[in-house]
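Try each task before reading its solution.

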Number of protein chains: 2
Amino acid sequence: MADPPVTLKDVAALARVHPATASRALNPETRLLVREDTAQRVLEAAAELGYRPNTVARSLRTRRSHSVGVLIPDLNNPLFPPIVRGIEDRLGEAGYTPLIVNTDNDADRERRHIETMLARQVDGLIAATARLDVDPLAEAAAAGTPIVLVNRSFEDGSVSAVTVDDRQGISLAVSHVAGLGHRRIGHVAGPQNVSTGHRRYLGFLEAMDALGLDVELEYVSFSAAFTETEGATACAAVLAHRPRVTAIVAANDRLAMGCYDALAAEGLSCPEDVSIVGFNDMPFIDRLRPPLTSVRVPQREIGTTAAELLLAQLTDASEPPRELLLEPSLVVRASTAPPATPP
Amino acid sequence: MADPPVTLKDVAALARVHPATASRALNPETRLLVREDTAQRVLEAAAELGYRPNTVARSLRTRRSHSVGVLIPDLNNPLFPPIVRGIEDRLGEAGYTPLIVNTDNDADRERRHIETMLARQVDGLIAATARLDVDPLAEAAAAGTPIVLVNRSFEDGSVSAVTVDDRQGISLAVSHVAGLGHRRIGHVAGPQNVSTGHRRYLGFLEAMDALGLDVELEYVSFSAAFTETEGATACAAVLAHRPRVTAIVAANDRLAMGCYDALAAEGLSCPEDVSIVGFNDMPFIDRLRPPLTSVRVPQREIGTTAAELLLAQLTDASEPPRELLLEPSLVVRASTAPPATPP
DNA sequence: CTGTTAGCGCATTCAT
DNA sequence: ATGAATGCGCTAACAG
């Protein structure tokens, strides 16, 4: 059942060498220090015994765990799994293991998780959490832990970050509906204490301005969370204003779904009465009625890029922090159409 | 920047005790062995220095990593994140950390991941992977690693498992449409080399039989994967047969979505011409047109239960393997209705 | 109740 | 090219 695990010493004994030699032979980095044939003997002995190096012991000795903490708000949000996959795949290539946790964007949870991760001697952190107020991460960063932020950044640029160009994304959305002929364009904004919510709101103002369109304050409504019900509430507020908007850019897909609900409640239809654009291009969003036009973000690439940045820092501690901006794109579907002209 | 980390020895020195005493004072389990006031002194010293126990060193000494490997086919499949959350939350309460990996149901990937996890000295494994053929897990089980299977089980019952009662789930679906008056009921089955696909197919045959309904072989079509396109293909095959089915039970929601496509391609509508039932009750499936009737699986509970079973084994090695069957339920929405009676 | 001693498995000096 | 010695940080067994 549970045989005593095979250790380096066992391998060394079978190969009739000193454990130190076995260690050198087994480690690709140091194999050249060992004579070819003895190295071979060690390898064979290891294979025969089914030797599996004890990563824990190695970490204790080398002070590198080859593990990375990954902080995610909530894996149930379909936005994150692809990012996590990207991180996992890239880290895996480099021999690193991710420790994935959900923080629910809760400062306490986040702090506890960071604490246990540091106790587990993670070599670095990748954080996709989005609080702008309280921030346990900043402490870890200050303590010298290599960190890469995802979808957000620190004001002072002291920490590496990979973000999507939210402003450009919103600009794509606004330009699209403007190009269809819409002039009264509303915005169902996300919560402003979340970085994406805030940036997309700013992006909306900018984009409208750049196109020479006026932003009616009544055409902008803020939601308290990225949920359908919040989206519906905010959208209803926008729809109440006259003359009514003919297009709404939502700060994300779930808010956009809420917009669908609000339209339905008003007896309006999309895109005939109001065009809707979402953000994120969630899985299955193309199966809504109507299929949602949405800004696509390169989620997997976000993950691989973040891992890449972190690996660079882990490999070379002198690597300076870098901020990368990834490009979104627009996926046009059936929720947007030219505005109806009064008969 | 990177101060030398605070060790137990530092704490002991400040508290003017031996490191072993400090260790005892810091560990809740052994604190009672230390006099109240000295324990207090140690705690204060630890707090003052910001001591953080080195989990790696502890693991090496105690031979317990307090970590658990979690093998998931693919986090992008919305079925799994809730399960993972359940696992994470329950394990976390007990002081365990999950190591989550995606296997893509690929035997090689799975084997590699298991290998690195064992090298990292995980105390046990939770596996939600579903291959019925090749199986790297069995080896680990044989080697004495505590394992809990999710959504599948070994034939011999030698390993703990928590599964959903697929047969009952399908039975709920079949009974529902039968209760609406349907008699010609089809099944878009999943791949038969995946446990859920196979069990749901058997469940369909059983349920039909139990209701005294005949299974026309032409009303059953097997898909090669749980995807929309496969579902559409399989569904088209079923629809081709005359007299046409009036209801279809799909082996999961994505296949059901494919059924929607196939119906649309035939100019048929749901539920007027054909009722459709899915399985899993995926997020946002209620927002399809029509909202899909589906068998709901208690995903989070699957996770917590699996964690519970594993913790029991970790706490007491003599704990025998147990197989738990969780109950699904039916969520009725608008994709099912009584069959149309010919005018 | 506390100090002493020892060693978990490994990688890295330093000798030879 | 290999062996010997040492210690990463911690906890368990044994004294006292």
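Two residues are in contact if their C-beta atoms, placed from the backbone, lie within 7 Å. This is a predicted model: local features need pLDDT of at least 70, side-chain atom pairs count only at pLDDT 80 or more, and totals for chains, interfaces and linings use all residues. Residues are numbered from 1 along each chain as its sequence is written, with chains lettered from A and ligands numbered from 1 in the order in which they are written.

**Exercise 1.** Find how chain A is superposed on chain B.

Solution. Superpose by least squares on the C-alpha atoms of residues with pLDDT of at least 70 in both copies. A rotation of 180 degrees does it, with 0.1 Å of shift along the axis and an RMSD of 0.2 Å. That is the relation of a two-fold axis. Next, take the interface: 100% of the interface residues of chain A are also interface residues in chain B, so the copies meet through the same surface.

**Exercise 2.** Describe the surface near DNA strand C.

Solution. Near means a C-beta atom, placed from the backbone, within 6 Å of the strand. Count first: 25 residues surround DNA strand C. The closest are Leu8(A), Ala20(A), Asn54(A), His18(B) and Arg35(B). Then sort them: 12 are nonpolar, eight polar and five charged. (Nonpolar: Ala, Val, Leu, Ile, Met, Phe, Trp, Tyr, Cys, Pro; charged: Asp, Glu, Lys, Arg; polar: the others, Gly among them.) H4(A) gives the most, five residues.

**Exercise 3.** Locate the buried residues of helix H1 (residues 8-15) of chain B.

Solution. Helices are DSSP runs (H or I, at least four residues), numbered from the N terminus. Buried means 20 or more other C-beta atoms within 10 Å of the residue's own, all placed from the backbone. Val11(B), Ala12(B) and Ala15(B) qualify.

Technical notes
Helices (H or I, at least four residues) and strands (E, at least two) are DSSP runs, numbered from the N terminus. A residue is buried if 20 or more other C-beta atoms lie within 10 Å of its own, exposed if 12 or fewer, and partly exposed in between; C-beta atoms are placed from the backbone.
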